[in-house]
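Here is a short note for a first look at this structure. Please read it with the model open beside you.

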Amino acid sequence: MRDCMQQIVLITAIVSGYFIGTANPVLSAEVENQSEWRAAAISVVITPEKSMWMSGYAARNKPSEGKVHDLYAKVLIIEDVRGQKVVIVTTDLIGITPALRDPIAARLESEFKIPSTALLMNASHTHCGPELREEKASRRGLGGDRGAEAREYTQKLSKKIVGAIGQTLSKLEPVQLKYSYGRAGFSMNRRLPTAKGVSNSPHPQGPVDQRVPVLSVNRPDGSIVAALFGYACHNTTLSFYQFCGDYAGFAQEYLETDHPGMIALFMMGCGGDQNPYPRRTLDLAKQHGRALSNAVEVALSVRQPRLIHGPLGVAMDDVELEFTTPPSLEELLKKQKQGNKYEKSHATRLLAQVEERGGIQTRYAFPLQVIQFGNDLTLTAICGETVVDYSLRLQTELKINSGTEGKGEPIIWVAGYSNHVFGYLPSLRVLKEGGYEGGGAMTYTSYPGPFTDSVEKRVISKIKELTKQARKASQ
C-alpha cells in the first residue's frame, strides 16, 4: 500500500510540473506559452446590401446579380506579455486601398491607442466582390454614379471594421500560438513562355509556392479560437456576376462548419502569377476550397506543431519604386485616337495627369511591413499583386543571419496583397519577361508603365531592413 501511495505522489508531482524541486521542462514550456499571449477573433459580413459594380475583370458590363454566399471581413488581434498588439484584418475583397485602410488606421490610433504600423490588412483578391476603387467604378459606369456607390460602400466598410476591432479587443483571452503547414496542389504558374512572348496559360514547369502556412490560436483547453492560413494563388476560379469568396471563401466556410466556434481567416500569399486550375465553374471553386481546407486540417492535426513565442516586434515603412520613362505627349495623343479601348482610356488618364500636375508621375511609394514573433516567426506583408518569386526568395534569405543561432530556425511567412493593392508587383525576372504581370496590366491603372529594373532590389532591401528592426524590437 505504501509503495502504491508513493507512486501516486510521484505521478502527481510530475503532472504538477515538479520532481524533487525541479520543473518538468515539457509541461513548464506549455504553461509558459499559455501565459505569453492573449488573442481573440471576430467575423463580420461585408456583402453589399444592394447590387454594385463588381471587381476584377475589365470586360464586365453589368453590376452584380445576387450572391452565392456572404463576403466577410475577419479580425484577429494578438497581444504579447508587454501589452503590444497586432491587428490582422483579412477581407473577401479585390484589394486594400488607402481610402479603406487610412481611416481604420487613424481610428486605431485615436480610439484604441494601437499604432497604425501594427495593422495588417490583407485582401483575398476574389474577382467576385464589389468594386471599391472609386476611380475604376466611375470609369465602368453604365448608368448611375458607380463611383459614389464605391465610395459609400468603402466608408461604411471602414466603420464596420473599426467596430469589429473594438469588439475583438473586448474578448482577448489567454491562448497558445502554434504553427504548422500543409500543401494544396491546385495552384499553377500562369505565365507560359511562347514564341510570341508570355501567354496567360497554365505553365506546369513555372515556379509555384503550394505551401499552406497555418497559425492556430488555441485556448489552454485545446479548443481553437482562430486559424489564420495562407495560399499563393489568384482567387479567379469564377468570373460570373454573383458575389462569392471563390475558393478561399469556400475553404473558410468549410473550416468554420467543421470547427464550430472557430474563426477561419484566409491571408493571400504571393499569388500574382498563379491561377487555380481547372477553373470557371462553381463546382471547381468548391473543389479547390475543399482541397485548401483539407490542407489546413492536415496542418491542424500535426502532432508536434511549432510553439510560437514572443514578444512581438513590428516595423513598417514605404518603399519608393520608379517607373520607366513615361510615354511622350505625342505617343499618348496617338494612343488616345488609335489604340484599343483600354489603351485609349489609359492615355486619357495620363493626359489628365499632365494637365493637372504638369507631368506624369515617375515614382510612387508603397507600404511594406514585418511582424516578428520572438525568434520563431517572421510575417512579411507586401503590397500589390505580388508574384511568387518574392515568397520563394524571402523564405530562404530571411533565414540567413537571422540572429537566432541555437534558438531554432525562424519560420518565414510571406503575404502579398497587403495594406495597399495598387496593381502588379513584378520581380526582375517577370519584369524582363514582360507580359501581363511584367507591365502589361499597367494599362488598366493610372500609372504610366512598367517599373524600372530596380523594383525587386528595392523591395527586398527594404524588407530586410524592416526585418532587422522588427527582430530587434521583439527581443
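How many disulfides does the structure hold?

1. The structure holds 0 disulfides, a disulfide being a pair of cysteine sulfur atoms within 2.5 Å. The sulfur of Cys244 has its closest cysteine sulfur in Cys128, 6.0 Å away, which is too far for a bond. Cys244 is buried, at 0% relative accessibility. Cys383 counts as buried too, at 1%. Buried means under 20% relative accessible area, exposed over 50%, and partly exposed in between (1.4 Å probe, protein chains only).

2. A word on the source. This is a predicted model, in which local features need pLDDT of at least 70 and side-chain atom pairs count only at pLDDT 80 or more, while totals for chains, interfaces and linings use all residues. Residues are numbered from 1 along each chain as its sequence is written, and side-chain values use heavy atoms, with hydrogens and water left out.

3. The count comes to 3 cavities of 30 Å³ or more. A cavity is a set of points, on a 1 Å grid over the protein atoms alone, where a 1.4 Å probe fits but cannot get out; lining residues have an atom within 4 Å of a point. Points are joined across faces, edges and corners, and a volume is the space filled by probe spheres set on them.

4. The largest cavity has a volume of about 130 Å³. Of its 14 lining residues, Asp209, Pro213, Ser391, Trp413 and Val414 are the closest to its centre. Strand S20 (411-415) gives the most to this lining, with 3 residues. Strands S11 (211-218) and S12 (224-231) and helix H10 (388-397) each supply at least two. Helices (H or I, at least four residues) and strands (E, at least two) are DSSP runs, numbered from the N terminus.

5. The second largest cavity has a volume of about 70 Å³. Its lining includes Gly423, Tyr436, Met442 and Phe451. Helix H12 (residues 435-438) provides the largest share, 3 residues.

6. Now helix H13 (residues 455-473). Its 19 residues reach 27 Å from first C-alpha to last, close to the 27 Å expected at 1.5 Å a residue; the expected span is 1.5 Å times one less than the number of residues. In H13, Val455, Glu456, Val459, Ile460, Lys462, Ile463, Leu466, Thr467, Ala470 and Arg471 are buried. They lie on the same side of H13, because they cover an arc of only 165° around the axis, taken from the directions from the helix axis to the C-beta atoms. On the other side, Lys457, Lys468 and Lys472 are exposed.

Technical notes:
On a 1 Å grid over the protein atoms alone, a cavity is a set of points where a 1.4 Å probe fits but cannot get out, and a pocket is an open set with protein on both sides within 12 Å along at least five of seven lines; lining residues have an atom within 4 Å of a point.
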